[in-house]
Amino acid sequence: MIEDKEAFLRCRPFAYALMARLFKSEPEEGVVALLSEKATIEAILVAAGGDCRAADALTEMAASAEEAGIERLRSEFTRLFLGPARLPVPPWESVFSTGEPLLFQQATAEVRQAYRAHGFEVGGYPKEADDHLSVELEFLARLGEAIICAWESGDAEAARRMACGYGEFLRTHPCSWFGPFAEQLEAYAEKGTVGRFYPQAAALAALLCRYDQEVSAELVSGAA
């Protein structure tokens with residue numbers, strides 16, 4: 001049960017937007033600095049239902065970033081998510097749903113349909129695969145913000161409808177593969193080729209989604 005539903009609804013989009021930014025492009029010093037700020041830690045904790053593992057992940061990410069330095073983090077981002085070499089753990093849902101290094105599969109079409117249903121369009125469409133980790137996180141952030149707006153304006157029906165769509169998307173997409181993605185990224189990092197920053201970020205994203213899914217039914221009933 002959510003202790004403070006309003007606080008959760010407000011912190012949730014911030015948490016997902018921050019995670020999306022970390023996986024979307026090379027890290028920036030200002031974004032990395034946010035990880036150790038008190039307000040960020042408090043918001044992430046609320047979005048994670050008070051799970052102390054969320055704060056632990058932020059602490060380890062901040063420590064890893066400080067030890068590595070921004071240039072090394074950028075190099076790790078390139079190695080993990082850009083290439084040109086084969087990516088060790090591809091950040092697309094299609095790869096995990098098919099078990100093959102393939103893009104633009106059924107998962108891509110499904111998430112694209114969900115995005116369209118809520119007026120969300122991916123930058124680079126239709127050339128970029130919509131089921132990238134950062135895009136799914138950004139969609140959760142955007143839809144979470146829309147739910148808040150509908151709730152604040154008194155449009156209970158719109159809030160309920162979006163909350164239902166949100167919960168369904170969360171269950172069938174992020175929650176189906178964020179965990180395995182984080183585990184594989186952790187296994188790759190254990191080889192010593194990259195630091196702990198991105199494995200911890202992936203674990204945090206998975207943790208946030210798991211708690212979000214646990215309380216999604218409560219949120220839908222509360223939006224009615």
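Alanine 20 is in contact (heavy atoms within 4.5 Å) with Ser134, Leu137 and Glu138, when residues up to four places away in sequence are not counted. This alanine is found in helix 1 (residues 5–24), where helices (H or I, at least four residues) are DSSP runs numbered from the N terminus. With a relative accessible area of 7%, alanine 20 is buried, the classes being buried under 20% relative accessible area, exposed over 50% and partly exposed in between, with a 1.4 Å probe and protein chains only. Along the chain, alanine 20 and glutamine 105 are 85 residues apart, and their C-alpha atoms are separated by 22 Å. The model is a predicted one, in which local features need pLDDT of at least 70 and side-chain atom pairs count only at pLDDT 80 or more, whereas totals for chains, interfaces and linings use all residues. Residues are numbered from 1 along each chain as its sequence is written, and side-chain values use heavy atoms, with hydrogens and water left out.

Just after helix 3, glycine 49 takes a positive phi of about 70 degrees.

Pockets were located on a 1 Å grid over the protein atoms alone, a pocket being an open set of points where a 1.4 Å probe fits, with protein on both sides within 12 Å along at least five of seven lines, and lining residues having an atom within 4 Å of a point. The largest pocket has a volume of about 270 Å³, a volume being the space filled by probe spheres set on the points, which are joined across faces, edges and corners. Its lining comprises 15 residues, with Val122, Gly123, Glu128, Ser134 and Val135 nearest the centre; helix 8 (residues 133–153) supplies the largest share, four residues. By class, this lining divides into six nonpolar, three polar and six charged residues, where Ala, Val, Leu, Ile, Met, Phe, Trp, Tyr, Cys and Pro count as nonpolar, Asp, Glu, Lys and Arg as charged, and the others, Gly among them, as polar.

The second largest pocket holds about 200 Å³ of space, and of the 13 residues that line it, Arg53, Ala203, Leu204, Leu207 and Arg210 are the closest to its centre. Helix 11 provides the largest share of this second lining, six residues, and the lining has seven nonpolar, two polar and four charged residues.

Glycine 83 and proline 84 are joined by a cis peptide bond with omega of about 15 degrees, proline 84 being placed in the loop between helix 5 (70–82) and helix 6 (93–98). Phenylalanine 104, in the loop between helix 6 and helix 7 (106–117), has a positive phi near 55 degrees although it is a residue other than glycine, and at 41% relative accessibility it counts as partly exposed.

Conventions: Helices (H or I, at least four residues) and strands (E, at least two) are DSSP runs, numbered from the N terminus.
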